[in-house]
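Subject: Structure handed over, with notes

Dear colleague,

Please find the structure below, followed by my notes on what was found in it. I would be glad if you read them with the coordinates open.

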Amino acid sequence: YAHSQSQAGNAANAGSVTMTANAITTQAIWAYSNRYGAGIGSSGNGGTINLQATTGNLSTQSLNSYSQTNSGTAGNAGSITANAAGSFTTNNSGITARSRSNSNGASGNGGQVDITATSVSTGTGSIESYSSRYGTGTFN
């Protein structure tokens with residue numbers, strides 16, 4: 001996890017995650033900013049995720065970069081880049097680069113997702129880049 005969270009006030013920007021190796025096998029990777037408490041507060045930008053498997057395969061559970069707030073303005077999602085000389089798999093989980101405001105605010109931009117490999121498999125998982133605002137309340 002490379003994240004920033006706040007229950008009161010604003011959440012800062014998330015950190016970045018960079019890995020370079022011959023081959024990479026990892027669990028879920030998260031780089032996010034989350035403002036989750038009551039009251040209005042903003043979240044910073046999601047962090048970038050950059051994985052480079054220079055001679056082999058890249059396998060991960062999921063890749064997640066996001067900015068989210070319960071009530072306020074959400075920042076931009078970070079970019080996700082995964083390059084493998086061999087195959088890329090996410091073990092039936094997905095890749096998400098999102099910005100979301102649950103109410104009373106605006107959302108930023110979804111992040112860019114770039115994947116390069118000899119083959120790509122997400123199984124039943126999805127690849128998503130989006131921005132959304134939903135919930136109750138009015139936007140000022």
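A residue is called buried when its relative accessible area is under 20%, exposed when it is over 50%, and partly exposed in between, with a 1.4 Å probe and protein chains only. By that rule G72, which lies in the loop between β7 and β8, is buried, with a relative accessible area of 3%. Contact here means heavy atoms within 4.5 Å, and G72, leaving aside its neighbours within four places in sequence, is in contact with I40, G41, S101, S103, N104, G105 and A106. The C-alpha atoms of G72 and S43 are separated by 7.7 Å, although these residues are 29 apart along the chain.

Please bear in mind that this is a predicted model, in which local features need pLDDT of at least 70 and side-chain atom pairs count only at pLDDT 80 or more, while totals for chains, interfaces and linings use all residues. Residues are numbered from 1 along each chain as its sequence is written, and side-chain values use heavy atoms, with hydrogens and water left out.

Overall picture

The protein chain has zero helices and 13 strands, where helices (H or I, at least four residues) and strands (E, at least two) are DSSP runs numbered from the N terminus. With 140 residues, a compact globule would have a radius of gyration near 14 Å, and the 16 Å of the protein chain agrees with this; the radius is taken over C-alpha atoms, and the globule rule is 2.2 Å times the number of residues to the power 0.38. Along the principal axes, the C-alpha atoms fill a box of roughly 50 × 25 × 20 Å. Buried residues make up 46% of the 140 residues, and of the contacts with a separation of 6 or more, 76% come from residues 24 or more positions apart.

Sheets

Two strands are taken to pair if DSSP finds at least two bridges between them. On that basis four strands form an open sheet in the order β2-β5-β8-β11, with parallel pairing; its edge strands are β2 (17–21) and β11 (113–116), each of which pairs on one side only. Neighbouring strands of this sheet are turned by 0° against each other on average, direction ignored, where the axes are lines fitted to C-alpha atoms and angles run from 0 to 180 degrees between N-to-C directions. Within this sheet, five bridges join β5 (residues 49–53) to β8 (residues 80–84), and I49 has I80 as its bridge partner.

Another open sheet of four strands has the order β3-β6-β9-β12, again with parallel pairing. Here β3 (24–26) and β12 (119–121) stand at the edges, each with a single partner strand, so one side of each is left without a neighbour in the sheet. Two bridges join β6 (residues 58–60) to β9 in parallel, and L58 stands opposite F88.

The enclosed strand β10

Seven of the seven residues of β10 are buried, so this strand is largely enclosed by the rest of the structure. Both of its faces are covered, with I95, A97, S99 and S101 on one side and T96, R98 and R100 on the other. Seven bridges join β10 to β7 (residues 63–69), and seven bridges join it to β13 (residues 127–133), with the strands running parallel in each pair. S101 is the bridge partner of T69 and stands opposite R133 in β13.

The loop between β9 and β10 holds N91 and N92. Most residues other than glycine have a negative phi. N91, however, has a positive phi of about 50°, and N92 has a positive phi of about 65°. At 46% relative accessibility, N91 counts as partly exposed.

Nonpolar core

A nonpolar core is a set of buried Ala, Val, Leu, Ile, Met, Phe, Trp, Tyr and Cys residues joined through side-chain atoms within 4.5 Å. The largest one has 17 residues, and those with the most contacts inside it are I29, I49, L51, L58, L63, I80 and F88. At least two residues of this core come from each of β4 (29–35), β5, β8 and β10 (95–101). Not counting residues up to four places away in sequence, L51 touches M19, I24, I29, L58, L63, T81, A82 and N83.

With best regards
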